[in-house]
Amino acid sequence: MQLVLTVNGTTYEVEARPTARLLDVLRDQLGLTGTKEGCAEGECGACTVIVDGRAVNSCVMLAVQARGKEILTVEGLARDGELDVLQRKFVEYGAVQCGFCTPGMLMSAKALLMRDPTPSEQDIRIALAGNLCRCTGYTAIVAAVKAASGQESTPQMALPGVPGELAAAAVTDPATLAVACETVESEAGRPLGAPCTPVDGGPTPAGEGSTTSGARSVSEGGE
Ligand code: FES
Ligand code: FES
């Protein structure tokens with residue numbers, strides 16, 4: 001069947017089976033692989049996207065259910081080459097380790113801030129309760145979301161072991177980040193993970209090189 005979906009402000013026409021999950025269409029047909037598949041049964045939150053302002057698990061939502069709705073994926077967070085404040089705070093607060101949970105965390109947090117710009121810490125924890133992280137212990141993630149809402153939040157070191165000034169600069173300057181990573185990797189005697197090693201860069205943001213007018217045809221594939 002033919003579906004018309006609006007994702008990150010761009011309208012797409014896709015051929016998909018009636019039983020196709022939204023997750024499959026996003027990843028396999030639109031190439032938006034920032035959205036991850038973890039458990040595939042609505043338990044881990046790795047596949048979270050925002051549909052009409054609500055965070056949903058795209059692994060348990062049919063693509064056909066998203067017709068006529070506004071879908072926002074992690075690729076749609078950055079605007080005009082600038083990371084969303086949530087993305088910046090995740091980096092700044094060291095809220096990313098392997099990065100697999102990060103897109104889902106960001107989208108659940110984004111949905112929260114869209115409906116409540118200054119949530120309490122408990123509200124943040126409740127909003128992220130459906131997103132599992134096996135790496136960070138959640139503290140830095142909650143702190144990053146709180147900071148993104150403009151509330152006072154205890155800063156975390158993005159790169160433990162790096163002098164504070166250098167770590168702060170590394171957040172926004174790729175060249176400085178490279179120097180910081182080299183310093184820490186040299187001391188550790190091993191390569192580091194994110195943010196020193198990019199984790200699955202994903203596709204080009206859907207908004208880039210495309211317009212919101214006129215639908216783009218995408219053939220069914222990868223199923
Ligand atoms: S992959 Fe969808 S909730 Fe785990
Ligand atoms: S950073 Fe690895 S699962 Fe969250």
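Buried residues make up 43% of the 223 residues in this protein. Buried means under 20% relative accessible area, exposed means over 50%, and partly exposed lies in between, with a 1.4 Å probe and protein chains only. The model is predicted: local features need pLDDT of at least 70, side-chain atom pairs count only at pLDDT 80 or more, and totals for chains, interfaces and linings use all residues. Residues are numbered from 1 along each chain as its sequence is written, chains are lettered from A and ligands numbered from 1 in the order in which they are written, and side-chain values use heavy atoms, with hydrogens and water left out.

The protein has 7 helices and 6 strands. Both are DSSP runs numbered from the N terminus: helices are H or I with at least four residues, strands are E with at least two. Along the sequence the pattern reads β-β-α-β-β-β-α-α-α-α-α-α-β. Contact here means heavy atoms within 4.5 Å. Of the contacts with a separation of 6 or more, 59% are between residues 24 or more positions apart.

Start in strand β1, residues 2-7, where V7 is found. V7 has a relative accessible area of 0%, so V7 is buried. L26 lies 19 residues from V7 along the chain, and the C-alpha atoms of the two are separated by 8.6 Å.

Now turn to the salt bridges. A salt bridge is a side-chain nitrogen of Lys or Arg within 4 Å of a carboxyl oxygen of Asp or Glu. By this rule the count is 5. One of them joins the side chains of E37 and R21, at 3.1 Å from N to O. This pair links distant parts of the chain, 16 residues apart. E37 sits in the loop between α1 (22-29) and β3 (48-51), and R21 in the loop between β2 (10-15) and α1. R21 is buried because its relative accessible area is 18%. E37 is at 35%, so E37 counts as partly exposed.

E92 pairs with K89, and the closest N and O atoms are 3.3 Å apart. The two are 3 residues apart in α2, so about one helical turn separates them. K89 counts as buried because its relative accessibility is 19%. E92 is at 31%, which means partly exposed.

E121 is partly exposed at 35%, and R125 is partly exposed at 40%. Elsewhere, salt bridges that share partners join R21, D24 and E37 into one network.

How do α2 and α3 pack? Helix α2 (residues 85-92) and helix α3 (residues 102-115) meet at an angle of about 130°, with axes 10 Å apart. That angle makes α2 oblique to α3. Axes are lines fitted to C-alpha atoms, for helices over the stretch in contact, and angles run from 0 to 180 degrees between N-to-C directions. Angles under 35 degrees count as roughly parallel, over 145 as roughly antiparallel, 65 to 115 as roughly perpendicular, and the rest as oblique.

The crossing of α2 past α3 is right-handed. A crossing is right-handed if the near helix is turned clockwise from the far one by less than a right angle, and left-handed if anticlockwise. On the α2 side, L86, Q87 and F90 make the contact.

Helix α5 comes next. In α5, 8 of the 10 residues are buried, so the helix is largely enclosed by the rest of the structure. Those buried are A140, I141, V142, A143, A144, V145, A147 and A148. They pack against α2, α3 and α4. Just after α5, G150 takes a positive phi of about 85°.

S153 lies in the loop between α5 (139-148) and α6 (164-170). S153 is buried because its relative accessible area is 13%. Apart from neighbours within four places in sequence, S153 is in contact with Y93, A143, K146 and A147.
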